[in-house]
Amino acid sequence: MAKRRPSLLKELHPIQRYGLAVVSVAIALGMALLMQRYSLRGVEFPLFLFAIALTVWFAGDGPAVLAVVLSSLAFNYFFTEPLYSLYIRTTELPYYFVFILFAILLTWFSTVRRRVERELLQSRDALEREVAERTQQANLLNLTHDTIFVRDTSDIITYWNRGAQELYGWTAEEAIGQHSHQLLQTVFPIPIDEVRAELLRTGRWDGELRKTKADGSRVVVASRWSLRRDERGQAVAILETNNDISDRKRREEEIRKLNDELGKRTTDLEASNKELEAFAYSISHDLRAPIRHMAGYAELLQKNSASVLDEKSHRYMMTILESAKRMGTLIDDLLGFSRIGRAETRATTVNLDLLVKDVLREVQQDIDGRNIAWKISALPDLYGDRSMLRLALVNLVSNAVKFTRTRPQAEIEIGCFEKNKDEVVVFIRDNGVGFDMKYVDKLFGVFRRLHPAEAFEGTGIGLATVQRIILRHGGKVWAEGLVDRGATFFLSVPSHGS
Amino acid sequence: MDILGRILMVEDDARDVELTLTALADYNLTNEVVVIHDGEQALDYLYRRGNFKARNNENPAVLLLDLKLPKVDGLEVLQQIKSDETLRMIPVVVLTSSREERDMVASYKLGVNAYVVKPVDFHEFVNAIKELGMFWAIVNEPPPGSIRKM
């Protein structure tokens, strides 16, 4: 309530204020007269002074002057000789003078005091407002998940928010007053003098710091510092916000390690690819020559000694020649197969209808004189390397032609269905000799054959080649079959480029 | 070594040489063949230096070149020939075991006149050699400065 008093003075009506002067002087007079009746003399003077003081205090300067005048008149009229007259004897003039002086002094003191009190109250109000504001701000800072703390220029912590408590484990009570770098065992990436220099120059600094929590575990934080200066430009405090980036750093580190490993593996892979290429190259050059020589010299021997060789020797000679030739074919097939893995693919949109027509022309010589019922559906476009896809289809179609040879009426169907919007499945179905599903895993192996060479010729590289081509296209190959009931081969291939 | 021949054969493998010469014997071209066993000697022959200083200064009508050769390999010999003004007109036929694409591409880039993969089958081999010898030594009109048919 006290702080409302100076404003009360202003709120009072002038009539009330001057009335207060009249009433207080009247009360003082009444009390003095009452005292006089009980022969108590000499109290009128302090009573009037009290009334004046009361008026000054509550009603201000103007009413105080009125109170002084009224008091003087009442004093003159009721308490000085001649009584009940306003006549003033000259000998009593100093007495009045002292009274008025005293009253003025009292008024002056009271005014000064009131001014001082008003100023004090004002500054206290301002202080209270600021405290309220600061408290609110501090509470707001407590709401954030970010770690925020303030320290003075000698790095003593002066503010510590809840985020800081959550990250580092110390409460505000524990942290405030501690030396921040000692408490957190801060490790700087650059000398601390450089950090301070930048902070003083620009008012800011940010960087990555390593700190230690209350439980001893280490964290990496992205730290931002802001310098607070007072009105004279003196540095007074540093506000520091920290974000825990330990997880990010760990992930970055993991990614870096994985990349290193990947780089190493790529190098290894490149090296082994080179090795493979050198291997294929030397097979191509060196392995074929001895075979050629065997075949050549056996041929020459047969030619030169045809007359002396008996039937059996002649058969031996033929076997040597055939084996050499077969070896040559095997080597060529193997090299062709390894070339598929090494060659670059040139992917385009491939019209499958045209491609199948092209393939049928190629296998024409195996078809001649055969009774084959072809059933070929409308086929979609594929996305891939045309020559490789062609090779895959040639292999599958010639397989179908080959393995239906024993059928009086061969049936071969080429069709397709959409697996999803990105992939098309093409299938080639025949009613040939088929295979036992328990060997399905062996179908696509290099040089794996499910039939004796005498029954169906071939080196066993065809389906391995098909699989390799389709895998290089990011697709899949699979087969279904039944012994003597035909086989179906499926290829899933991308229908458009990614 | 003063051998006259229209066919210069650069081949390090004696068996291949024998088989080739056997094949060419059918056309009586054997005497026309000069056999060199490595790339360095082949260049010496063409530039008439070393052992071949004294040879006749005419160029062969065709060069049958193996790729895998001791010392200087076939592609280097080919490059040397095709970048030399006096030798570049000599028809060069690469005759090799290799079907490797990179050998084929490299040879054609250097300007080879033909690329033949030696077949494993003897009959095919003989036929290929016979046709080669027939074409380049007899049918084809060699560039000026080559050894003429006698």
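1. The second largest pocket of this predicted model is lined by A:Arg134, A:Gln137, A:Ala138, A:Leu141, A:Val150, A:Thr158, A:Tyr159, A:Ser226, A:Leu227, A:Arg228, A:Ala237 and A:Leu239. Its volume is about 360 Å³. On a 1 Å grid over the protein atoms alone, a pocket is an open set of points with protein on both sides within 12 Å along at least five of seven lines, and lining residues have an atom within 4 Å of a point. Grid points are joined across faces, edges and corners, and a volume is the space filled by probe spheres set on the points.

2. Four elements of chain A, namely α5 (93–143), β2 (157–160), β4 (218–229) and β5 (235–244), each supply at least two residues of this pocket lining. The greatest contribution is that of α5(A), with four residues. Helices (H or I, at least four residues) and strands (E, at least two) are DSSP runs, numbered from the N terminus. By class, the pocket lining has seven nonpolar, three polar and two charged residues; Ala, Val, Leu, Ile, Met, Phe, Trp, Tyr, Cys and Pro count as nonpolar, Asp, Glu, Lys and Arg as charged, and the others, Gly among them, as polar.

3. Chain A is divided into domain 1 (2–134), domain 2 (144–244), domain 3 (250–340) and domain 4 (344–494), with bounds from an automatic or database domain assignment. The C-alpha centres of domain 2 and domain 3 of chain A lie 70 Å apart.

4. Helices α10 (residues 246–305) and α11 (residues 311–342) of chain A have axes that come within 9 Å and cross at roughly 165°. Axes are lines fitted to C-alpha atoms, for helices over the stretch in contact, and angles run from 0 to 180 degrees between N-to-C directions. The angle therefore makes α10(A) roughly antiparallel to α11(A) (over 145 degrees). Their crossing is left-handed, that is, the near helix is turned anticlockwise from the far one by less than a right angle, clockwise being right-handed. The contact of α10(A) with α11(A) has 15 nonpolar, five polar and five charged residues.

5. The axes of α3 (residues 44–59) and α4 (residues 61–79) of chain A come within 8 Å and cross at roughly 165°. Therefore α3(A) is roughly antiparallel to α4(A). The crossing of α3(A) and α4(A) is right-handed.

6. On conventions, residues are numbered from 1 along each chain as its sequence is written, and chains are lettered from A and ligands numbered from 1 in the order in which they are written. Local features need pLDDT of at least 70, side-chain atom pairs count only at pLDDT 80 or more, and totals for chains, interfaces and linings use all residues, while side-chain values use heavy atoms, with hydrogens and water left out.

Terms used
Parallel < 35°, antiparallel > 145°, perpendicular 65-115°, else oblique. 1 Å grid on protein atoms, 1.4 Å probe; cavity = no way out; pocket = protein on both sides within 12 Å on 5 of 7 lines; lining within 4 Å.
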